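Student: Could you take me closely through one part of this model, the salt bridges and the surroundings of their side chains? I would like the criteria stated along the way.

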Amino acid sequence: VLYTGNGSTQGITGVGFQPNFSWIRERSGGQHHVLFDSVRGVGDYLSTTSTAGDVTDADTLTSFDSDGISLGADVKVNENTVTYLAWNWRAGTAFSNDASATGVGTIDSSGSVNTDVGFSIISYAGNTTADAQIAHGLGVAPEVVIFKRRDGATDWHTYHASRADAAGTLMYLNTTSAGGDSAAFLNDVAPSSTVINLGDSAGTNGSSMIAYCFASVDGYSKFGSYTGNGSTDGTFVYTGFRPAWVMIKRTDSTGSWPITNNKALGYNPDNNELYANLTQVEAASDSLDYLSNGFKLRRNSGEDNASGGTYIYMAFAEQPFKYSNAR
């Protein structure tokens, strides 16, 4: 959803459900990306443009509501006359796993999960010991996991199943790095349908952690890879649905994490662009077309369509028809 700040308090509606995860970004200025979830609690945010842990500010997101969110007056979410967007996901079902009682994993985990749409938010206290395991609650192996330490400064450790040697290839959501091999990341073991294996890195197995876990669902989400062709008649990427949100990352070279969505501006090819790792002002990028069954690249750019370049992506439909909420 798009909205304009009022410098006071306001409720943002039109989401269509009660979110458990809200990613907010100023469009007309250079504020940080700020991410909130119901597991950590309202008023606590993390930023993909920072390595910092949890920041508590009661004047940011103040509640998750039945049709959106409520905001305080902090400039990161609600400065007067400034334009913003909020990307929202629903988890919703409480999840808790006592590892010793269930025999699943080796570290207790808890959070919120929505198996219908392949999304869970998992909180756990790591032990910095290689081959530790946490339950994720999805019932299928997650294809993307984004980890962040809450009580210390670490990069945003990111797993994507479409990378070669994905379980050993570490990427950082907050940097342009192409990523590299690290056994300390996931102990070189891919996530299973029940658990995520952890290495001894503080970025995945620190003392206080949050993990956002995603698995593809037909007609709603797709996580994959493609090769660029360096042309304005660019590579077509099949998703099986019309995307509403796409994030891309180059993996054979450095590059940022461009994000487009169908609300700003929302027409082809002028889907305005932000970057998960940068604080730049939103700008028209002419980067890709959103089509009924996927997306097509429309520029020669190292960020998303260099000739021979390899890329991974995350794509979501606005809301899956199969699981739509009544209005």
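Tutor: Buried means a relative accessible area under 20%, exposed means over 50%, and partly exposed covers what falls in between, with a 1.4 Å probe and protein chains only. The model is predicted, and local features need pLDDT of at least 70, side-chain atom pairs count only at pLDDT 80 or more, while totals for chains, interfaces and linings use all residues. Residues are numbered from 1 along each chain as its sequence is written, and side-chain values use heavy atoms, with hydrogens and water left out.

A salt bridge here is a side-chain nitrogen of Lys or Arg within 4 Å of a carboxyl oxygen of Asp or Glu, and by this rule the count comes to 11. One of them joins the side chains of R27 and E282, at 2.8 Å from N to O. R27 belongs to the loop between strand 3 (21-26) and strand 4 (34-37), whereas E282 belongs to the loop between strand 24 (273-275) and strand 25 (288-291), so the pair ties together parts that are 255 residues apart in sequence. The strands named here are DSSP runs of E with at least two residues, and helices are runs of H or I with at least four, each numbered from the N terminus. R27 is buried, with a relative accessible area of 16%, and E282 is buried as well, at 12%.

Another salt bridge brings together the side chains of R40 and D54, with 2.7 Å from N to O. Here R40 lies in the loop between strand 4 and strand 5 (44-45) and D54 in the loop between strand 5 and strand 6 (55-56), so this pair connects parts that are 14 residues apart in sequence. R40 is buried, with a relative accessible area of 8%, whereas D54 is partly exposed, at 21%.

A further salt bridge is formed by R250 and D252, whose closest N and O atoms are 2.7 Å apart. In this pair R250 is buried, with a relative accessible area of 14%, while D252 is partly exposed, at 40%. Returning to the R40 and D54 pair, salt bridges that share partners join D37, R40, D54 and R150 into one network.
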